[in-house]
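Morning, everyone. Have a look at the model on the screen, and then I'll take you through it.

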Amino acid sequence: MMPSFPLRAKGLEAPAYTVQRWTRMSILGTSGLGVVVVVLALLPFMVGLSVTYAMVDFFILLLLAMTWNLLAGYGGMVSVGQQAYVGIGAYAVVVFADTFSLNIVVTILLAAIVSAILAFPISFFAFRLVGGYFAIGTWVLAEVVRLIVVQFPQIGGGAGISLAATTDMPKDLRIAMSYWIALGAAVVVLVVCVWLVRSRIGLALTALRDDVTAAATSGVRVQSVRRRVFIFAAAAAGVAGALVAISTMRVQPDSVFSVQWSAFMIFIVVVGGVGTLEGPIIGAIIFWVLKQLLADYGPLYLIFLGAVGIVFVLFVRGGVWGLVSRRKRLEIFPVGYRFSRTEKDGSKPAP
Amino acid sequence: MNLLEPIVQGILLGGLYALFAAGLSLMFGVMRIVNLAYGDFAVLAAYGTLVVVNAALINPLIALVVVAPAMAALGYVLQRTVLQRTLGLSPLPSLLVTFGLSIIIQNVLLLFGSADQQRLTLGDIDTASVTLPLDITVGVFPLGVFVLAVVILGVLSWVTAKTQYGRLVRAVSDDPDTVMLQGANPKVIYGIATAIAFGLVAIAGVAAGIQTSFSPSSGSMLLIFAFEAVIIGGLGSLWGTLGGAVILGVAQTVGAAFAPAQQILAGHVVFLLFLAFLPSGLSRRKVRA
């Protein structure tokens, strides 16, 4: 059940060590999360349409926050330009669903692919810059994408365009469908994030997060790891944009390319806990609840978000997850390493 | 098509961008902070000037005598109380805090003002123009802004090169700990540098408010132009920044001469070309991040 393997140095009779990835805590956490996903999948049968509709928004934010956390929290790439791919994904759905009459689920996959393909050349421009200038650079690149997209009257120019493919569907079915697609996308991205962080890339990313120079000296190919994460984050943002198009049935350039997307994902990750897998989930829940309660206050709500974000950066660096897990070594996902000494016969020493 | 006139206009526009870029470049050079709220502070200063102008019925340039020191004081306090806490090896905290400030400023302005475009005016000077040789007509105000930008950059580079404070700034940007050992307090030096940057941003914000219009959300665009000027010019070089600002201005006005709607895109494209082929900018200096 708990895969463990001894590490033995050659020719030495040194005590062997066992490396454990799964702990009792993470087994509980991950299976608990599995139960939550099953409950969420059944949610449209239990709650009203308005809640289901609002939950689509939650999954969109979760997708964005999880991948922004990989970018900034692990990879040290503070992007303020993820809205480029939100927009590309949203327009991709309209083009593939309305112009080419493709199945709506297929268009979401295509949105991810198109975003990833465009992120590849964009990364070469963005990666010329580091730190703070990387941030503004990604913002400029997002502006360039927006300015190019609005040149085309075929996709609505500056005014935007409506998604026609799903207008014939009954409203409740349409909303339930976008809910399930959004839930599925969030689960897929979460699993990929956990897998990435557990894998060799994750080890490289964690090393990058802690010290770029030391990571590079230890043989981490910094640019190549960063580029893969950049492209993955773009694909996920493309999916988020596709979901925006499907759930709102309208794509407006000023809204899908708004820098506010980046502001929201930054808030979620900072409040939840930057550089952890659990943080963005906690942050997305907090943000979504705040949004349901306060969004009607308009500017006051955004001022509040800005102020809370600043307070967290200054005084609560680890975010809410950091506060919760500080003493108790809580973890939901099996991404840590536990070393324990094993005796020669492979049994564990008495404590 | 006569391109001479748009080129001259672009050079003058570059003066305005250089005013913006100087403060951004100064804050990065001294504290390694990229202030994402930079453009919003410019807009804040323009609104502040508008309030003073309406209350006291005076010329915006006279109002600036009050607003610029007020902004400088705000910068000093902000650096000492908030930004100082974000300094460190990672650029993440300062970016996040300044991005939060940007959102707060934009929405406070929306709350107390409106989303409408506003404008400051100097009366007749707004539209006054002079004719240069070769029959080129330029506005008096943009010409004045360009001259002001050159003067301010000249003063700044004199201060950094020749004065005691300038020596401290250069030392602290290389190694704050050693400066502390020598008896100077880097925090005060940081505070003064931010105060200078904020005074500059007030001047730039008011100049932009007279030359074009502004709204609560126009700060982002100003930040982006300042950033492009800094990168085209090359990090860490004041005169490079002026060159970068002029190139950006010319790219925009020449682009607008060909396709009026594409002014901003033309500037972005030239910026991306520099990023791709000359990433260390005009000055070609390597600067640590």
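Let me start inside chain B: helix 2 of chain B and helix 8 of chain B are roughly perpendicular to each other, because angles of 65 to 115 degrees count as that, under 35 as roughly parallel, over 145 as roughly antiparallel, and the rest as oblique. Their axes cross at roughly 65° and come within 7 Å. Axes here are lines fitted to C-alpha atoms, for helices over the stretch in contact, with angles from 0 to 180 degrees between N-to-C directions. Helices (H or I, at least four residues) and strands (E, at least two) are DSSP runs, numbered from the N terminus.

A word on the source. This is a predicted model: local features need pLDDT of at least 70, side-chain atom pairs count only at pLDDT 80 or more, and totals for chains, interfaces and linings use all residues. Residues are numbered from 1 along each chain as its sequence is written, while chains are lettered from A and ligands numbered from 1 in the order in which they are written.

Back to that pair. Helix 2 of chain B passes helix 8 of chain B in a right-handed crossing. Right-handed means the near helix is turned clockwise from the far one by less than a right angle; left-handed means anticlockwise. On helix 2 of chain B, the contact residues include Y38(B), F41(B) and T49(B). On helix 8 of chain B, they include F198(B), V201(B) and G205(B). In contact means C-beta atoms, placed from the backbone, within 7 Å. Ala, Val, Leu, Ile, Met, Phe, Trp, Tyr, Cys and Pro count as nonpolar, Asp, Glu, Lys and Arg as charged, and the others, Gly among them, as polar.

Chain B as a whole: eleven helices and two strands. Its radius of gyration is 19 Å, close to the 19 Å that the globule rule gives for 289 residues, so chain B is as compact as a globular protein of that length. That radius is taken over C-alpha atoms, and the rule is 2.2 Å times the number of residues to the power 0.38.

Now the interface. How many residues of chain A are in contact with chain B? The count is 31, against 34 residues of chain B. Helix 13 (299-315) of chain A, helix 5 (131-149) and helix 11 (260-272) each supply at least two residues of that side. Helix 13 of chain A gives the largest share, eleven residues. By type, the chain A side has 25 nonpolar, four polar and two charged.

Two helix pairs span the chains. Helix 5 of chain A packs against helix 9 (residues 219-233) of chain B at about 115°, axes 10 Å apart. The crossing is left-handed. W139(A) and F227(B) are among the contact residues. Helix 11 of chain A and helix 4 (residues 92-112) of chain B cross at roughly 130°, with axes within 11 Å. That crossing is left-handed too. A263(A), I266(A) and V270(A) meet L96(B), F99(B) and I103(B). Six nonpolar, no polar, no charged.

Last, confidence. The model scores ipTM 0.89 and pTM 0.88. Mean pLDDT, the predictor's confidence in each residue from 0 to 100, is 84 for chain A and 86 for chain B. In chain A, pLDDT stays under 50 over residues 1-5.

Conventions:
Two residues are in contact if their C-beta atoms, placed from the backbone, lie within 7 Å.
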